[in-house]
Amino acid sequence: MDQEEIDKVVLAYLDKRGFKQAGFAFQQEKQQNSKGSNTSSTAQIDPDIAKQILAFSEVDSPAQYQEGYGKLRSWAYSSLDQYQHELVRVLYPVFVHGFMDLVAKGHIQEARSFFNSFRGDHDVIHSRDLQKLEGVLSPSHLEEMEFAHSLRQSKVNIKICKYSYDLLMQYLHKSQSITIIGVINEHINFNVSPGQPSSIADDAEFVSLFGSGQDAANLINQKEIHWGLLEDSLEEKLEKTSNMDSEKGDGELREGDLEENKKRPVDGNKQGNSLKKLKKDKVASATAKASRADNVTVSGAPRVKPELPLPVIPIEVEHSILEDLRNRVQLNSTALPSISFYTFINTHNGLNCASISNDGSLLAGGFSDSSLKVWDMAKLGQQSQNSLQGESELTPNQNMSSSNFGGKSYTLFRGHAGPVHSATFSPFGDFLLSSSSDSTIRLWSTKLNTNLVCYKGHNYPVWDVQFSPMGHYFASASHDRTARIWSVDRIQPLRIMAGHLSDVDCVQWHANCNYVATGSSDKTVRLWDVQSGECVRIFIGHRSMILSLAMSPDGRYMASGDEDGTIMTWDLATGRCISPLVGHSSCIWSLSFSCEGSLLASGSADCTVKIWDVATSSKVSKAEENKSGSVNRLRSLKTLPTKSTPVYALKFSPRNLLFAAGALSKQP
C-alpha cells in the first residue's frame with residue numbers, strides 16, 4: 001500500500017469527524033515533505049498500521065455490520081458448550097443496535113436486509129420486541145417511537161463470567177471489527193463475575209431488559225417501603241384473643257389438675273393411666289393452639305398504618321371473617337389443599353376471563369359478545385321453578401335461567417360495548433367490577449342485579465381491574481400504558497400511575513392496601529405507592545409479557561407469571577428475584593397464595609394447576625442453590641392436569657380451599 005492511498009484515507013477521516021484544523025495542518029505538512037524530499041513519497045508504511053487505518057476508514061460501511069455480526073454469530077455458536085450460552089447472550093443486543101445504527105445513518109435498505117437475515121435467531125424469545133422494531137423505517141422513527149428511543153438511550157446489562165468475557169475480548173481484538181467493537185462499547189455493560197459460567201437455566205436472570213435503565217431501576221429500588229400488615233386488622237385481633245384464651249385455659253387447667261390430684265385415691269395402675277392421659281391431652285391442646293396461632297396470621301410481619309381512609313367493616317361481616325379465620329385449614333408441603341374446579345362448557349371460544357368470589361359461592365365470566373354472566377354455586381344443579389324459556393336482551397341487565405344441563409341458573413349483565421377482559425368480586429361478594437375494550441369499567445350489584453356506575457378515564461381497552469383487599473378502592477390496567485386507582489364513590493380516578501413502556505396487562509393490590517403492583521408487556525413489574533403515585537420498585541428479569549401477579553398474605557413477597565410459563569418470586573424489600581419457578585409450558589394466567597403464605601398455586605394455558613412450596617424456596621440461600629444446582633429450584637409439590645381445560649382463574653378461600661375455573665377447549 002503506497003503513501004498516497006493512506007493519506008487520502010486519513011484526510012477523509014479527519015474531514016468526516018470535523019477536525020478541519022488538523023486536516024489543514026496535515027495537508028501543509030504533506031506539501032512540505034513532498035518539496036523537501038522525494039524519498040518520503042515512496043516510503044512504505046508498516047502493514048499492520050495500514051490495516052488499522054483502512055479498518056477505521058470502513059467503519060461506517062453498511063457491509064461491515066452484516067459481515068461483523070455474521071462472524072460474531074458463527075464464533076459464538078461454535079464456542080465450547082461450557083461458555084456458549086453466555087457468549088450467545090451478546091448477540092441479541094448487538095443485532096438490535098446494529099439494525100438501529102444502520103437506520104440512523106440512513107441505510108434503510110441495508111438495515112432491512114440485515115434485520116431479515118438474522119431475525120430468525122431471536123424470534124422465539126423476543127418476537128414482541130422485533131415486531132415493534134420492524135416498523136422502524138426511517139431515522140425519525142427512532143426518535144418518535146418511545147420503545148426504540150429508550151433502547152438508544154440506555155445500556156444493556158449482561159452478567160458473564162471472567163472466562164467468557166476474556167474469550168470475547170480476545171476474539172474482538174483478533175477480528176479487528178471496529179463496527180462491532182463500537183456497538184458493544186456503546187450499548188452493552190458487562191457485569192463480570194469470578195468463577196465458572198452460570199447454568200443455562202439461570203439465563204433469564206442474567207440479561208436485563210432493554211430500555212429499563214438498570215441504573216435508574218437500582219436508584220428507584222433504594223426507596224424505603226413498608227411491606228407489613230395493617231394495624232388493628234381482624235387477624236391481629238383474633239391472634240390477641242386466642243392468646244388470652246389459651247393463657248386463661250392453661251391457668252384453669254393447672255388449678256383443676258391440682259384439685260383432682262388432691263382428691264384422687266392412691267392407686268398405682270389407675271394413677272399411671274390417668275397421668276398418661278393427662279399428658280396426651282396437654283400435648284394435643286398445645287398442638288391445637290400452635291396450629292390455631294399459625295392459622296391466624298403469618299408471624300413476624302411488621303404492622304403499618306393505612307395511607308388511605310379505609311371503610312368500616314359491618315359487624316356481621318366481621319363475625320363471618322373471624323369464623324373463617326378460626327376454621328382455616330393449615331397448609332404446608334405435606335398438607336396440600338382440596339381443590340374445587342369449575343369448568344365452563346359450550347363457550348365457543350367466547351370466554352375471555354373468569355373470577356371467583358372469596359368464599360367460592362359466586363362465579364363470573366366475561367365474554368367476547370360484551371356480556372357478563374354470574375353463576376350462584378348454591379343454585380347449580382337445582383331446577384328453577386320460574387325458568388325463562390327465551391333470553392330477551394332488551395333491558396340492560398336481566399336475571400335469567402338456562403334450562404340446559406339441569407337448569408343451571410345465571411345472571412346476565414349487559415352494558416359494555418366491547419369484549420369484557422376482566423372481572424373481580426368485592427371482598428364480601430356484594431359488588432362486581434368488569435373492564436372492557438370499550439375503555440370503561442362498570443360496577444355491578446350482585447344483590448340488585450343491576451349496573452350502578454360506569455367509570456370513564458382510560459382512553460384504550462382496559463385489560464385488568466382488581467378490588468383492594470378492604471374493598472371500596474380498586475385499580476385498573478390499560479392499553480394506554482397506565483394504571484389507575486379509583487374509589488367506588490367517585491367517577492374520576494384518584495391516581496394515575498405512568499411509567500411502563502407498553503401495555504399494563506395486570507394489576508394486584510398489596511395486602512396492606514398501601515401499594516399496587518403492575519405487570520406489563522415491557523417485561524417489567526412495578527410497585528407503586530398509592531398515596532404519592534410514585535414508582536418505588538422495578539422488578540426486572542422476565543423474558544416476555546407479564547400476565548398475572550399475586551401478593552403473599554404477609555405482604556413481603558410477590559409472584560409474577562409471564563407468557564413463556566415462567567413464575568418469578570420477588571422480595572419486595574430488596575427488589576430482587578428469590579428464584580424462578582419453572583415447570584409450565586405455556587402462559588401463566590392466574591396465581592394465588594395460600595392464606596398462611598406457605599404455598600403458591602399457578603394456573604396455566606397448558607391445562608394444569610401446579611402447587612409450589614414457596615415457604616421453603618424463600619429460605620434457600622443463593623450459596624446453597626449454587627452448590628446443589630438448579631434442580632432444587634423446581635419446587636413443584638404437585639401437578640394437577642385437567643382433561644382439556646386451560647386454567648383462567650385461581651382463588652384460595654379464607655378457609656384455604658382452592659377454587660379454580662376454566663373453559664373446556666376442543667382437543668387437538
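In this predicted model, a nonpolar patch on the surface is formed by Phe431, Leu448 and Leu452, which together have about 280 Å² of accessible area. One of these residues, Leu452, belongs to strand 14. Leu452 has a relative accessible area of 39% and is therefore partly exposed, since residues count as buried under 20% and as exposed over 50%.

Strand 14 covers residues 450–456, and a loop connects strand 13 (440–445) with it; Asn449 is located in this loop. Although Asn449 is not a glycine, its phi is positive, at about 55°. Most residues other than glycine have a negative phi. A positive phi is also found at His472, near 70°, again in a residue other than glycine. The loop that holds His472 runs between strand 15 (462–467) and strand 16 (473–478). With a relative accessibility of 25%, His472 is classed as partly exposed.

Strands of a sheet pair through backbone hydrogen bonds. Between strand 20 (residues 515–520) and strand 21 (residues 524–529), the antiparallel pairing extends over five bridges. Opposite Trp528 in strand 21 stands Val516.

Aromatic side chains were examined next. The structure contains 20 aromatic pairs. Among them is the stacked pair of Phe95 and Phe115, with 5.7 Å from centre to centre and 25° between the planes. This pair links distant parts of the chain, as Phe95 is in helix 6 (residues 91–104) and Phe115 is in helix 7 (residues 108–118), 20 residues apart. Phe95 and Phe115 are both buried. They also belong to one aromatic cluster, together with Tyr69, Phe99, Phe114 and Phe118.

Tyr342 and Phe659 form another aromatic pair; their ring centres are 6.0 Å apart and their planes lie at 20°, so this pair is stacked, given that planes under 30 degrees apart count as stacked. Because Tyr342 is in strand 5 (residues 339–344) and Phe659 is in strand 32 (residues 658–663), the pair ties together parts that are 317 residues apart in sequence. The relative accessible area of Tyr342 is 15%, so Tyr342 is buried. Phe659, with a relative accessible area of 5%, is buried as well.

Conventions. Residues numbered from 1 in each chain as written. Predicted model: local features only at pLDDT ≥ 70, side-chain atom pairs only at ≥ 80, totals over all residues. Heavy atoms only, no water. Pairing = 2+ DSSP bridges. Helix = DSSP H or I, 4+ residues; strand = E, 2+ residues; numbered from the N terminus. Buried < 20%, exposed > 50% of the residue type's maximum accessible area, 1.4 Å probe, protein only. Patch = residues over 30% accessible without salt bridge, like charges linked within 9 Å, V, L, I, M, F, W, Y side chains within 5 Å. Areas by Shrake-Rupley, 256 points an atom, 1.4 Å probe, with all protein chains shown as cover. Salt bridge = Lys/Arg side-chain N within 4 Å of Asp/Glu carboxyl O. Phe/Tyr/Trp six-rings, centres within 6.5 Å; stacked < 30°, edge-to-face > 60°.
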